[in-house]
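User: Hey, can you walk me through this one? I'd like the overall picture and then some detail.

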Amino acid sequence: MIWCLKAKNYGLWSSLHHGGHCKKLAPEWKKAANSLKGKVKLGHVDCDAEKSLMSRFNVQGFPTILVFGTDKDQPVPYNGARTASAIESFSLEQLEMNVSPPEVTELTGPDVMEEKCNSAPLCFVAFLPDILDSKAEGRNKYLETLLSVAEKFKVKPYSYVWAAAGKQPDLEKYVGVGGYGYPAMVALSVKNQLYVPLKSAFQPDQIKDFVREIGVSGGKGKSLPLSGTPTIVKTEAWDGKDGEIIEDDEFSLEELMRDDE
């Protein structure tokens with residue numbers, strides 16, 4: 001049979017037969033599968049029933065382990081140790097190399113909150129300055145910072161969203177953000193109804209330290225309770241441009257004081 005290890009962007013296939021080496025590998029492979037559960041998916045294919053697959057990937061002997069990157073037609077042989085620990089380490093390294101980082105999504109409504117935050121163990125929410133304060137150039141720099149953080153921790157099941165200052169007032173109220181101090185960030189656990197505020201500078205290294213610490217400690221000793229479920233309102237997505245000041249019609253003092261005729 002073939003044991004198959006797959007992820008979104010890469011996979012390992014191990015062809016197993018009934019010989020001694022294959023029997024020795026099988027329990028190690030299953031042990032690795034259990035350890036990688038939820039991170040990397042393992043399955044198997046019957047070699048006798050899938051001879052065309054063997055031919056396609058030129059499998060000559062058993063066991064054979066192939067690494068599939070983004071190009072699924074060009075696998076690379078794995079020649080490392082046939083132990084669970086070695087397979088696990090190699091798999092996680094390959095996963096980190098090949099997996100795409102999560103998106104940094106603007107929080108434009110309850111559907112985004114549901115998709116990105118409600119199902120994630122941790123959702124990192126950034127509150128960015130008003131576009132009139134930062135302009136497009138400044139906002140893009142903040143977003144680049146968030147993208148660099150997402151790239152750093154891309155193998156973690158975290159989500160990243162952002163909202164402009166004042167666009168999600170109820171959420172800001174519940175996590176103690178608003179009115180001043182933008183940009184700001186909180187680590188949010190919707191499931192546990194807890195949040196942890198970022199208390200250091202909104203800079204790449206400080207945010208990465210914050211994410212790392214929260215991931216290790218779970219926010220123990222620093223988490224604060226949400227006092228309820230914030231209402232997420234629907235807003236228009238940022239168009240990528242500088243903001244425009246909308247000026248009200250101006251009236252002269254003479255016009256304001258003049259009696260109606």
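**Burial and fold**

Analyst: Of the 261 residues in the chain, 43% count as buried, meaning under 20% relative accessible area with a 1.4 Å probe and protein chains only as cover; exposed is over 50%, and partly exposed lies in between. This is a predicted model: local features need pLDDT of at least 70, side-chain atom pairs count only at pLDDT 80 or more, and totals for chains, interfaces and linings use all residues. Residues are numbered from 1 along each chain as its sequence is written, and side-chain values use heavy atoms, with hydrogens and water left out.

User: How many helices and strands does the chain have?

Analyst: There are 8 helices and 11 strands, taken as DSSP runs numbered from the N terminus (helices H or I, at least four residues; strands E, at least two).

User: Is strand 4 enclosed or open?

Analyst: Largely enclosed by the rest of the structure, because 5 of the 5 residues in strand 4 (residues 64–68) are buried. Thr64, Leu66 and Phe68 point one way, Ile65 and Val67 the other, and all are buried.

User: And what does strand 4 pair with?

Analyst: Strand 5 (residues 76–77), antiparallel, over 2 bridges; pairing takes at least two DSSP bridges between the strands. Val67 sits opposite Val76 of strand 5.

User: Switching topic: which cysteines form a disulfide?

Analyst: Cys117 and Cys123, with sulfur atoms 2.0 Å apart. The cut-off is a pair of cysteine sulfur atoms within 2.5 Å, and the count comes to 1 disulfide.

User: Are those two, Cys117 and Cys123, buried or exposed?

Analyst: Both Cys117 and Cys123 are buried.
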